[in-house]
Amino acid sequence: MRVVVVEGDGIGKEVVPVAQKILARCLPDAEFYPLEVGYGRWERTGSAIGDDDFVALKAADAVLFGAVTTPPDPCYRSVIVRIRQELDLYANVRPVFGKDFSITIVRENTEGLYAGVETVEEDRATTLRVLSRKGCTRIARFAAERAKERDAALTIAHKANVLKSDTFFRTICIKEAEALGVRWNEAYIDAICLDILVHPGRYSVIVTTNVFGDILSDVAAYLSGGLGLLPSANIGDGHALFEPVHGSAPDIAGQDRANPIAAIRSAALLLAYLGETELSSAVEDAIGMTLSDGYATPDLGGNCGTSELGAHVEAALCRVLSGPHA
Ligand code: ATP
């Protein structure tokens, strides 16, 4: 089992080693293969990522990723966007859960308004929203499969009352859900952005298009207590990459203040992807125990350092693994 590990820039260098330690405890036989990509490397060498790196990323069973800084330089292409495209990681999955709800937002990751078909003229600018049958079908199927696994309904979030491209998306989602025998319902994207905050317990698996999903998942982040806690998965048919939702946070980098939980939760998603669902739950349980014991980094009102909090999660994990999970 080979896990490629990319720390990246800023707090990626602090939170990823913590998450890797937890992973190593769960997967003692795994080989961890570090890759240096990102802005720091670009400043040093003039190249943020190279062909060899893509070869290594594609050869991995899974990738644990920290965060990369994208400077406002028109010559610089975002490393994470390039990786998502090169590895065709079409499903962006963000779990959001709390006391009475567990929601998985499945966002299409490669097309829609972010397809890059844009023109800027003197008197108008145009961004084309491209939804392909292939793109809609594979994201709809992916989300319907997640709903089926959970014996839950699939919620299709769209704006089909206005956008013809969303009528196309909605029709394909319904077809894929029904083909798998999955119950479905639907919501307008603007309405669900409010309702998910008021009635999170109504939702289980939500599928939506790229920009709508980008916005909805940030709205839903409010439900789980902030950026330092939120993981994400980027999944394609042959590859998968797991990363915290937060970025490289240069304002706190190097100060031992970064919350490592989003990165540790990303490692838990990686474990689930590799089929290690019990270990994945054990890591989540360990995080829950650590937080309820009152250990936290400054963003959550605590005074633990990054690796100190990681050590508490690791100790809790040892307790979980030697308990009923063992
Ligand atoms: P980037 O340009 O890489 O996206 P950013 O600072 O614009 O970086 P984020 O990294 O997402 O965006 O950070 C937004 C703010 O949230 C940061 O200023 C930081 O204070 C806070 N933050 C983000 N992640 C964490 C974390 N893991 N722990 C504590 N605070 C965090």
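**Briefing on selected local features**

Apart from residues up to four places away in sequence, S224 touches V96, F97, L229 and L230. S224 belongs to the loop between α8 and β11 (231-235), and S224 is buried, its relative accessible area being 14%. The model described here is predicted.

**Packing of α7 with α8**

- Two packed helices are described by the angle between their axes and the distance between the axes.
- Helix α7 (residues 189-198) packs with helix α8 (residues 210-221) at an angle of about 15°, and their axes are 9 Å apart.
- Because angles under 35 degrees count as roughly parallel, α7 and α8 are roughly parallel to each other.
- The crossing of these two helices, α7 and α8, is right-handed.
- On the α7 side the contact is made by I189, I192, C193, I196 and L197, and on the α8 side by F212, I215, L216, V219 and A220.
- By class, the residues of the contact of α7 with α8 comprise 10 nonpolar, no polar and no charged.

**Packing of α1 with α11**

- Helix α1 (residues 12-26) and helix α11 (residues 306-321) pack at an angle of about 15°, with 9 Å between their axes.
- From that angle it follows that α1 and α11 are roughly parallel to each other.
- The crossing of α1 with α11 is right-handed.
- Residues E14, V15, V18, K21, I22, R25 and C26 of α1 make the contact with T306, S307, G310, V313, E314, L317 and C318 of α11.
- The residues of the contact of α1 with α11 divide by class into 7 nonpolar, 3 polar and 4 charged.

- The buried residues of α6 are S165, D166, F169, I172, C173, I174, E176 and A177.
- Elements that cover these buried residues of α6 include α5 (133-149), β8 (154-158), β9 (184-188), β10 (205-208) and α8.
- After α6 comes G181, with a positive phi near 70°.

- Most residues other than glycine have a negative phi.
- D151 is a residue other than glycine with a positive phi, near 50°.
- D151 is located in the loop between α5 and β8.
- With a relative accessible area of 62%, D151 is exposed, because exposed means over 50%.
- A249 is likewise a residue other than glycine with a positive phi, in this case near 40°.
- The loop between β12 (240-244) and α9 (261-273) contains A249.
- A249 counts as partly exposed, given its relative accessibility of 23%.

- A268 is placed in helix α9.
- The relative accessible area of A268 is 2%, so A268 is buried.
- Beyond its neighbours within four places in sequence, A268 is in contact with S280, V283 and E284.
- A268 and Q255 are 13 residues apart in sequence, and their C-alpha atoms are 25 Å apart in space.

Methods. Residues numbered from 1 in each chain as written. Predicted model: local features only at pLDDT ≥ 70, side-chain atom pairs only at ≥ 80, totals over all residues. Heavy atoms only, no water. Axes fitted to C-alpha atoms, helices over the stretch in contact; angles between N-to-C directions. Helix = DSSP H or I, 4+ residues; strand = E, 2+ residues; numbered from the N terminus. Parallel < 35°, antiparallel > 145°, perpendicular 65-115°, else oblique. Left-handed = near helix turned anticlockwise from the far one by under 90°. Contact = heavy atoms within 4.5 Å. Nonpolar A, V, L, I, M, F, W, Y, C, P; charged D, E, K, R; others polar. Buried < 20%, exposed > 50% of the residue type's maximum accessible area, 1.4 Å probe, protein only.
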